[in-house]
Amino acid sequence: MTERQETAYHEAGHAAALYALGFDLGDVTIVSGEDYLGRLSTPRAEAVAERQDMLEYLGDYGETYMMRQIVVAFSGVRATEMLTGQEHDPRASDVQFWLPGSDWHRLNTWLPMLAAPEDYPKVYDEAWDETERVLRENWDAVEAVARALLDREVLDA
């Protein structure tokens, strides 16, 4: 398995989870940049995360929305694990929480708004289980998007 293939499945995992959870997708690419191997954009999530009044803005849907964003953050890592059968490398670039756009940066955007620190392990476990369920139910979509990314390198919504 090449790094390019793993990146395609990683980004495809994000895209498939976004779609399955009802979110808008901007674009997805496996063209690497200075600090990433691939990237997915989610226009609404990025705009919502910048709001100071996010919970009021989201209303009753807020907790569900944030949990789904965490599932999306986990979905790239989990898709790669499902593909390779190997646990994720904790030194991988998407774990670098200080890099804007990294999976863990995304996780650390939503998690503090959803739960108190003592509840993080419970949220992690719930989100990880939900991530696996979403990806297993949509694995055909993950594979289709990964193949399209390997063929075209960039896909838009």
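At what angle do helix α4 (residues 62–84) and α5 pack, and how far apart are their axes? In this predicted model, the angle is about 155° and the axes are 9 Å apart. Angles over 145 degrees count as roughly antiparallel, so α4 is roughly antiparallel to α5. The crossing in which α4 passes α5 is left-handed.

On the α4 side they are Glu63, Tyr65, Met66, Met67, Gln69, Ile70, Val72, Ala73, Phe74 and Val77. On the α5 side they are Asp103, Trp104, Arg106, Leu107, Trp110, Leu111, Met113 and Leu114. Sorted by class, the contact of α4 with α5 has 14 nonpolar residues, 1 polar residue and 3 charged residues.

Helix α5 (residues 103–114) also meets helix α6 (residues 120–137). The axes of α5 and α6 come within 10 Å and cross at roughly 120°. The two helices are therefore oblique to each other, and their crossing is right-handed. Leu107, Leu111, Pro112 and Leu114 supply the α5 side of this contact, while Tyr120, Val123 and Tyr124 supply the α6 side. The residues of the contact of α5 with α6 comprise 7 nonpolar, no polar and no charged.

Phenylalanine 74 lies in helix α4 and tyrosine 124 in helix α6, 50 residues apart, and the pair links distant parts of the chain.

Which order do its strands have? The sheet is open, has 3 strands in the order β2-β1-β3, and its pairing is antiparallel. Strands β2 (39–40) and β3 (154–156) stand at the edges with a single partner strand each, so one side of each has no neighbour in the sheet. Strand β1 (residues 27–29) is joined to β2 by 2 bridges, and the two run antiparallel. Within this pairing, valine 28 stands opposite leucine 40 in β2. Helix α7 (residues 139–152) packs on the sheet and touches β1 and β3. The direction of α7 makes about 120° with that of β3.

Definitions and conventions:
Residues numbered from 1 in each chain as written. Predicted model: local features only at pLDDT ≥ 70, side-chain atom pairs only at ≥ 80, totals over all residues. Heavy atoms only, no water. Axes fitted to C-alpha atoms, helices over the stretch in contact; angles between N-to-C directions. Helix = DSSP H or I, 4+ residues; strand = E, 2+ residues; numbered from the N terminus. Parallel < 35°, antiparallel > 145°, perpendicular 65-115°, else oblique. Left-handed = near helix turned anticlockwise from the far one by under 90°. Contact = heavy atoms within 4.5 Å. Nonpolar A, V, L, I, M, F, W, Y, C, P; charged D, E, K, R; others polar. Pairing = 2+ DSSP bridges.
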